[in-house]
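Subject: Structure handover

Hello,

The structure we discussed is below, and the notes on it follow. Please read them with the model open beside you.

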Amino acid sequence: MLKKRAKSGPGEINAGSMADIAFLLLIFFLVTTTMDTDVGILRLLPPVVETPPDPDVINKRNVYEVLVNDADQLLVEGEPMDIKELRAGAKEFMTNPSNLENLPAKTKVSAAFCREQLSLNKGWLTAASDTSKARFEDAIKKWEGKLKAIDLLKEEFYELPNEALISLQTGSKTSYNMYVQVQNELESGIRELRDELSTEKFGRKFTELDEKADEDQERIKAIRLVYPQRISEAEPVDLTKKN
């Protein structure tokens with residue numbers, strides 16, 4: 001006797017493992033997905049100064065004032081300037097080749113003076129209290145660095161006053177495009193000076209020196225001593241209220 005096959009509905013899908021599969025897919029996307037990040041201008045901010053210098057004490061010749069107003073107009077030292085001239089202006093401020101009175105008075109760093117300062121600071125360090133030793137140790141490192149720079153450059157060099165800097169001020173409505181252009185011109189001016197000196201002394205541009213190589217590390221420090229990158233950026237302000 002033939003048995004009639006019982007009718008049955010469509011087969012059910014086993015959903016018991018769906019949760020595991022979903023969890024594995026979630027882990028996969030978390031591991032493999034990349035997140036977009038904002039890209040800006042890399043800049044190491046200067047350390048916090050507990051006692052800022054009195055603005056009246058800062059010699060005006062040591063500050064290169066660059067201002068971009070809300071209409072993206074460039075004012076340098078209070079005078080209108082085309083952005084194409086800004087790079088040359090920054091280089092002239094950093095070098096003062098004609099020894100002008102309205103530009104920083106650079107000081108000659110000689111080997112003899114470095115050794116004299118080293119000797120003095122080492123003597124002071126010997127007699128210093130525990131709380132003040134760090135100050136003399138820092139001074140010793142500074143003068144040793146300058147002496148090393150003279151040795152690498154094969155000549156004495158001129159350095160900017162400590163307070164010399166390029167001051168950049170923008171308005172609250174200055175466009176980002178103009179801001180980037182101004183930044184690029186200022187940094188390019190300093191970079192060109194460094195490249196020129198590095199090529200003259202070491203046969204390679206500053207940007208081609210290898211920060212991981214011990215010899216190049218000393219060369220980089222020497223060139224940075226001669227041409228430090230001091231660009232101070234003030235927070236954007238409402239220039240209409242300021243004026």
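**Notes on the model**

Phe23 counts as exposed, because its relative accessible area is 51%; exposed stands for over 50%, buried for under 20% and partly exposed for values in between, with a 1.4 Å probe and protein chains only. This is a predicted model, in which local features need pLDDT of at least 70 and side-chain atom pairs count only at pLDDT 80 or more, while totals for chains, interfaces and linings use all residues. Residues are numbered from 1 along each chain as its sequence is written, and side-chain values use heavy atoms, with hydrogens and water left out.

**Overall**

The protein has 7 helices and 7 strands. Both are DSSP runs numbered from the N terminus: helices are H or I with at least four residues, strands are E with at least two. Read from the N terminus, the order of elements is α-β-β-β-α-β-α-α-β-β-α-α-β-α.

Of the 243 residues in the protein, 30% are buried. The accessible surface is about 17500 Å², and carbon and sulfur atoms account for 54% of that. Accessible areas come from the Shrake-Rupley method with a 1.4 Å probe; for residues, only the protein chains shown count as cover. A contact here means heavy atoms within 4.5 Å. Taking contacts between residues at least 6 apart in sequence, 70% join residues at least 24 apart.

**Surface patch**

Phe23 sits in helix H1, residues 18–32. Together with Leu24, Leu26, Ile27, Leu30 and Val31, Phe23 makes up a nonpolar surface patch with about 640 Å² of accessible area. Patch members have over 30% relative accessible area and no salt bridge; like charges are joined within 9 Å, and nonpolar side chains (Val, Leu, Ile, Met, Phe, Trp, Tyr) within 5 Å.

Helix H6 covers residues 214–226, and its 13 residues should span 18 Å at 1.5 Å a residue; the end C-alpha atoms are 19 Å apart, which agrees. The expected span is 1.5 Å times one less than the number of residues.

Asp216, Arg219, Ile220, Ala222, Ile223 and Val226 are the buried residues of H6. Seen down the helix axis, they fall within an arc of 165 degrees, so they line one face of H6; the arc is taken from the directions from the helix axis to the C-beta atoms. An α-helix has 3.6 residues a turn, so residues three or four places apart point the same way. Asp214 and Lys221, on the other side of H6, are exposed.

The buried residues of H6 pack against helix H4 (133–153), strand S5 (157–159) and helix H5 (176–202). Setting aside neighbours within four places in sequence, Arg219 touches Leu152, Phe202, Arg204 and Leu209.

Tyr227 belongs to the loop between H6 and strand S7 (231–233). Its relative accessibility of 13% is why Tyr227 counts as buried. Tyr227 and Glu159 are 68 residues apart along the chain, with their C-alpha atoms 7.6 Å apart.

**Salt bridges**

Side chains of opposite charge can pair when their charged atoms come close. The rule used is a side-chain nitrogen of Lys or Arg within 4 Å of a carboxyl oxygen of Asp or Glu. By this rule there are 15 salt bridges.

- Arg87 and Glu192 form a salt bridge at 2.7 Å, N to O. This pair links distant parts of the chain, with Arg87 in helix H2 (residues 86–95) and Glu192 in helix H5, 105 residues apart. Arg87 is partly exposed at 24% relative accessibility, and Glu192 is partly exposed at 27%.
- Arg224 pairs with Glu211, their closest N and O atoms being 3.7 Å apart. Arg224 is in helix H6 and Glu211 in the loop between H5 and H6, 13 residues apart. Arg224 is partly exposed at 39%, whereas Glu211 is exposed at 52%.
- Glu65 and Lys60 meet at 3.8 Å, N to O. Glu65 is partly exposed at 37%, and Lys60 is exposed at 56%.

Arg87 and Glu192 also belong to a salt-bridge network with Lys91, Glu185 and Glu196.

Regards
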